[in-house]
Amino acid sequence: MTVTVERGARAVGKYRQPGPRSPRTRDSYALFLLPGILAFLAIVVVPFLMNTGVSFTEWQGVGSPKWTGLANYRELMDDSEFWASFRHSLFMVVAMAAVPTVIGLVLAAALFDYIGRHFGSRWAAVLRACFYLPQVLPIAVAGIVWSWILAPDNGSLNELLKAVGLGSWQQDWLGDPDIAPYSVMGVMVWVQIGFPLVVFMAGLQRVDPQLHEAAELDGAGWWRRFWHVTLPQIRPEIYVVLTWCTIAALKVFGAVYVLTKGGPGGATDVPSYFSFSTFFEKTQVGYGAAISTILTVIILVLSLIGLKLQTRSEDADEGIRT
Amino acid sequence: MTAALRRYPVLIALCIAALFMVVPFLIVAVNAVKSPSEYAQNGPLSLPDGLYLDGLKDFWQRVDYSQKLVNSVLISGSVAILAAVLSVLNAYAIGIGRVKGRTWVLAFFVLANMLPQEALVYPIYYLSKQVGLYDTRLSVIIVFTVIQAAFGTYLLSSVLGRFPREIIEAARIDGANKWQVLWRIVVPVSRPTIGVLLVFFFIWTWNEFLLPLVMLISNDNQTVSVALGVLQGQRLMDATMTNAAALLGVLPAIVFFLVFQRTLTRGIAVGAVK
């Protein structure tokens, strides 16, 4: 900070006549920030504060809200539906962060090391494109595709099982409360996997090939090189992916809305869908606001932890290299 | 020799895995061109006898799909351009202007980007009703311009922070003011990053679901995502109609993917590393 101030001052002194304008030049950049700040206040900050305020009231969306203090939050603590929705969030974190990261790492290493090196980068690019394709699909459309594939009668998956003689494995994939959460998880893995893969493949390009060659000369097999050379090198990317995917998992809404509407019997309800239905179907606005406020706090805490891990690993990374 | 023999199983395994990823698209495409009677008779796994396009045509007319496409293009396109402009202005002040307290301003944008939309949706719904913008495409454009610009500011600020200062100082000596420096030098030089932002904003906005679902209730204003999602949620579609809906929803995404593939993969890498 001080360095830039000095540099700026020197530049001004050297090239400009000292006058009343010079001290203002740096600050007048702040004018460029004005539209952005105002828009943010109106669209993000004010609504967010309103939402937090409403969470301390009882309000049906019309008339004036009635202040009830922490009553909504106390009620939430005893609400089994609320706890269930957060339990399902953990399922989503497994399906959208943990599993895609692990699979993404293996796929990226295999595509980069094996396919890229022995069959050419074209093959690697085409295969990567196949894995990435679901990421550009609107989640509502992905939901339509999968709810049709997983349909109990005439659905492709059940028909396929019948065709290969596994008819007894047929299920009502989205309608059976014991199976629906896992079906939704499977769909989310399919949706999510391209993101870690692309990030990791970009990260692998940073890894110095000499490290690999040295390890290979020492007789280290593929898995050991992957574990001891590749993984430590792309640790910053792993933290980025885990943070982003965990946050995305906590925010999941569209997939649940289209696939199951939280059902059957709340078996796939998640906090965002729970707050949506509380807002707009039950019109208990104060209660819905409390749910979304808790979700926000959790997401912000996780983001801060993620950012911290990320900066620390990037610092460590630079320490090694210099 | 043994190494060469080991390579092929890896290639084959990866090809099978990739096939699994695209099979849902293929099944949808195959079934969207079957007639209802053919579907009822042979099920979803058989190959179509011929090209039956009435199902698609029917669906197109029933949901007025052209209008939905126009809405989606209008909303996503406006958001992409406006959010990119807003990001450039913010990032110019933060990355090149180095305004006081910029770390805090940046942290504020980052956190705003992380906020779940659930925490904003009801007040935005309520306020838009108060100012008469409820159920207009403009309301969705305004909201997403701001939300997407949060990410754009974050990404572009770090890119502009490394902008060669000699160029800017040289232009200033030549008498260019800040506005001219921004549009004649900074923007043209940063064109690759801005291009990435435009593509991302467009596709992200195209795919948005929760806020458009809440804000756009009349048929004439709905986006592709919302219209298809609502239809599916009502559970009123038969198998042929579902397939038509799925195919028409998938096609634009595939077009964007093919057109923007390079930008997308490069962009994700840039966005993730910084």
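Hi everyone, let's start with chain B: the C-alpha centres of its domain 1 and domain 2 lie 33 Å apart. Those domain bounds come from an automatic or database domain assignment, which gives domain 1 as 1-33 + 47-52 and domain 2 as 54-273. Where the two touch, domain 1 of chain B supplies six residues and domain 2 of chain B eight; residues are in contact if their C-beta atoms, placed from the backbone, lie within 7 Å.

A word on what you are looking at. This is a predicted model, where local features need pLDDT of at least 70 and side-chain atom pairs count only at pLDDT 80 or more, while totals for chains, interfaces and linings use all residues. Residues are numbered from 1 along each chain as its sequence is written, and chains are lettered from A and ligands numbered from 1 in the order in which they are written.

How confident is the predictor? pLDDT is its confidence in each residue, from 0 to 100. Chain B has a mean pLDDT of 85, with 93% of its residues at 70 or more. For the complex, the predictor gives an ipTM of 0.85 and a pTM of 0.86.

Now, how do the chains meet? On chain B, 68 residues are in contact with 77 residues of chain A. Helix α13 (residues 239-273) of chain B gives the most to that side of chain B, with 15 residues.

Over to chain A, which has 15 helices and two strands. Helices (H or I, at least four residues) and strands (E, at least two) are DSSP runs, numbered from the N terminus. Of the 322 residues of chain A, 42% count as buried. Buried means 20 or more other C-beta atoms within 10 Å of a residue's own, exposed means 12 or fewer, and partly exposed is in between, with C-beta atoms placed from the backbone.

Which helix shall we pick? Take α12 (residues 235-251) of chain A: its 17 residues reach 25 Å from first C-alpha to last, close to the 24 Å expected at 1.5 Å a residue. That expected span is 1.5 Å times one less than the number of residues. Because 15 of the 17 residues of α12(A) are buried, this helix is largely enclosed by the rest of the structure.

Finally, residues 285-307 of chain A are 100% helix and 0% strand, and their end C-alpha atoms lie 32 Å apart.

Methods:
pLDDT = per-residue confidence, 0-100.
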